[in-house]
Structures are given as structure tokens and as C-alpha cells.
Amino acid sequence: MNTDFQSEVDIQKSTGWVIALSVGLIILGVLAILMPGIASAFFTSLIGWITLISGVVMIVESFPSKPVRGFWLNLIVGIFYAIAGIYILLNLKSALLALTLAFGILFVVEGIFTIIMAFTNRAGHRMSWLVALNGVITLILGIMVLNRWPFSAIWLIGLYVGISLLMSGISLLASALTARRTLAS
């Protein structure tokens, strides 16, 4: 009986984190929808910084690993990452166009897999229709991104990422609340 209580406590704690994550996703989604141009530029520059920092870390880490195989590969790849990060940061418009295309493809793939997951795994049990709806909306957004590319890239990516974040947050919240209700009964 003690193990059942422990698993209930673990489920409560886990769903608490999922609820907090889903609320954060909902807030970020609403902000991105309200300010899509800023969200687009922010996401693009964030990717530039992540790429630049990753490159610098790879370069720095390649030197202590010199006695081990892979020094030159790590060094060269790190240099390319750093150059790509700098290029993204200095050419936000071009990077935004490429990122918009990549997100369009990503949304199509994510939508298809989310729909498949909703029907095969019955994710969220009774709320699996919401997971399927999330997949359908994400798929439609991906198709629209690819259809309108490159003309609306400045606002489209921020708006669509916002909608996707909002839907993901809502479906996660619904699944976590369903799990808590199931646990309570």
C-alpha cells in the first residue's frame, strides 16, 4: 500500500511540473501571437546565439581532447558552427527566411506524427482528440508556412510558433489535469 501512495505522490509531482510547463507554453504562445515580428526576430537571433556559443564551446573543448581522436573534426566543426552563428546574427533577414522554411517542414512533420501518436497511443486517454486536434492544426500551419514562403516570413513564423506553443500548452494542460482527475477517482 505504501508503494501505491508513493506512486500517487510521484504522479502528483510529475503532473505539477507538466502543468507549470503547459502554463509557460500558453503564456509564451500568447506573447508570440501578440507580437509576431518580435517573436520571429527573437527566435532567429536566439538560434544564432545558440549556434555561436555551441561553436565556441566545441572549439575550446577540442584542445583538451587533442590526444584523443577527433581533435581536427571537433575543431573544424566548431569553427563552422561559430561562423554560422555569426552569419545568422549579422544576417537576420536571410536567416529568418531559411528558418521559416525549416519551421514549415518541421510543422508538417510534427503535425503528421502528433496525429499518428494521438490515434495509436491514445495519448491523454479521453483527451486524445485534443492531441489529434493539436496535430491537425500544426500540420495546417506547416502547409500554410510552406505555401506563403517567403513573402510573409517576418510575421508568419512568430505567429505560427505562438499558435503551436499555445496549442501544445493547452493539450499538455488538459492531459495533466485528466491524469490528476483519474488519480483522484
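## Lining of the largest pocket

Leu28, Leu31, Ala32, Met35, Ile38, Ala39, Phe42, Phe43 and Leu165 line the largest pocket, where a pocket is, on a 1 Å grid over the protein atoms alone, an open set of points where a 1.4 Å probe fits, with protein on both sides within 12 Å along at least five of seven lines, and lining residues have an atom within 4 Å of a point. The space in this pocket amounts to about 150 Å³, a volume being the space filled by probe spheres set on the points.

At least two lining residues each come from helix H1 (2-34) and helix H2 (36-62), and H2 gives the largest share, four residues; helices here are DSSP runs (H or I, at least four residues) numbered from the N terminus. By class, the lining holds nine nonpolar, no polar and no charged residues, with Ala, Val, Leu, Ile, Met, Phe, Trp, Tyr, Cys and Pro counted as nonpolar, Asp, Glu, Lys and Arg as charged, and the others, Gly among them, as polar.

## Basis of the model

The model is predicted, and local features need pLDDT of at least 70, side-chain atom pairs count only at pLDDT 80 or more, and totals for chains, interfaces and linings use all residues. Residues are numbered from 1 along each chain as its sequence is written, and side-chain values use heavy atoms, with hydrogens and water left out.

## Packing of H2 against H4

H2 packs with helix H4 (residues 92-120) at an angle of about 95°, their axes lying 10 Å apart, where axes are lines fitted to C-alpha atoms over the stretch in contact and angles run from 0 to 180 degrees between N-to-C directions. The two helices, H2 and H4, are therefore roughly perpendicular to each other, a term for angles of 65 to 115 degrees.

From H2, Ser40, Phe43, Thr44, Ser45 and Ile47 meet Leu92, Ala95, Leu96 and Leu99 of H4, contact meaning heavy atoms within 4.5 Å. This contact of H2 with H4 comprises six nonpolar, three polar and no charged residues.

## Two buried residues

Asn134 belongs to helix H5 (residues 128-148) and, at 6% relative accessibility, counts as buried, meaning under 20% relative accessible area with a 1.4 Å probe and protein chains only. Neighbours within four places in sequence aside, Asn134 is in contact with Thr114, Met167, Ser168 and Ser171.

Ala176, in helix H6 (residues 153-184), counts as buried at 4% relative accessibility. When residues up to four places away in sequence are not counted, Ala176 touches Thr15, Val18 and Ile19. Between Ala176 and Val161 there are 15 residues of separation in sequence and 22 Å in space, C-alpha to C-alpha.

Definitions and conventions
Angles under 35 degrees count as roughly parallel, over 145 as roughly antiparallel, 65 to 115 as roughly perpendicular and the rest as oblique. Buried means under 20% relative accessible area, exposed over 50%, partly exposed in between (1.4 Å probe, protein chains only).
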